[in-house]
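Me: I would like to learn how to read a structure like this one. Where do I begin?

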Amino acid sequence: MSFRGKRKDGEGLASDENEDHAPPNKVSKISSAVDSDDSDDVVVCEISKNRRVSVRNWNGKIWVDIREFYVKDGKQLPGKKGISLSLDQWNVLRDHAEAIDKALVENS
């Protein structure tokens, strides 16, 4: 006969399952990104006070990163606003720079 409800003091449990085990610690995305040594950044230029263009090697791939930064606890950290372009994407953008300049002149 089956019943629904709470189990009585360890009934049906192995002795190891009933011991108190702490869950694994969670690592925040921000702290892991700040402490990570997986990226090598070369700041190419600062577009404005809080915007930079940098070239980075991240996870074995090279990226052109155009991003806003913010200050927290005296450190400048990358923000969500920005774009990382792969080398292929950067080459496409670079190849169309004249067309972009022409469009800017026409719309000015």
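Reply: Begin with confidence, since this is a predicted model. The chain averages a pLDDT of 78, and 65% of the residues score at least 70.

Me: Which elements of the chain have the lowest and the highest mean pLDDT?

Reply: Helix α1 (residues 29–35) has the lowest, with a mean of 41. The highest, 96, belongs to helix α2 (residues 87–95). Over residues 27–37 the pLDDT is below 50, and beyond near neighbours in sequence this stretch has 2 contacts in the model.

Me: How should I treat a part where pLDDT is low?

Reply: The predicted coordinates there should not be read in detail.

Me: Next, the charged side chains. How many salt bridges are there?

Reply: To find one, look for a side-chain nitrogen of Lys or Arg within 4 Å of a carboxyl oxygen of Asp or Glu. By this rule there are 2 salt bridges. One joins the side chains of R51 and E68, at 2.8 Å from N to O. R51 is in strand β2 (residues 51–58) and E68 in strand β3 (residues 61–72), so this pair, 17 residues apart, links distant parts of the chain.

Me: And which residue forms a salt bridge with D65?

Reply: That is R67; the closest N and O atoms of the two are 3.2 Å apart.

Me: Are the residues of these pairs buried or partly exposed?

Reply: Compare each relative accessible area with the cut-off: under 20% counts as buried. R51 has 42% and is partly exposed. E68, with 25%, is partly exposed too. D65 is buried, because its value is 2%. R67 is also buried, at 14%.

Me: Can you take me through a single residue? Where is S54 found?

Reply: S54 is found in strand β2. S54 is buried because its relative accessible area is 4%.

Me: What is S54 in contact with, leaving aside its neighbours within four places in sequence?

Reply: Its contacts are V42, V43, V44, W63, V64 and D65. Take V64 as an example: S54 and V64 are 10 residues apart along the chain, yet their C-alpha atoms are separated by 5.9 Å. D65, in that contact list, is the residue that forms the salt bridge with R67.

Me: Last, the rings. How many aromatic pairs are there?

Reply: The count is 0. A ring can still have a charge over its face, and here R52 lies over the face of F69, at 4.1 Å from the ring centre.

How values were computed: Residues numbered from 1 in each chain as written. Predicted model: local features only at pLDDT ≥ 70, side-chain atom pairs only at ≥ 80, totals over all residues. Heavy atoms only, no water. pLDDT = per-residue confidence, 0-100. Helix = DSSP H or I, 4+ residues; strand = E, 2+ residues; numbered from the N terminus. Contact = heavy atoms within 4.5 Å. Buried < 20%, exposed > 50% of the residue type's maximum accessible area, 1.4 Å probe, protein only. Phe/Tyr/Trp six-rings, centres within 6.5 Å; stacked < 30°, edge-to-face > 60°. Lys NZ or Arg CZ within 6 Å of the ring centre and 35° of its normal.
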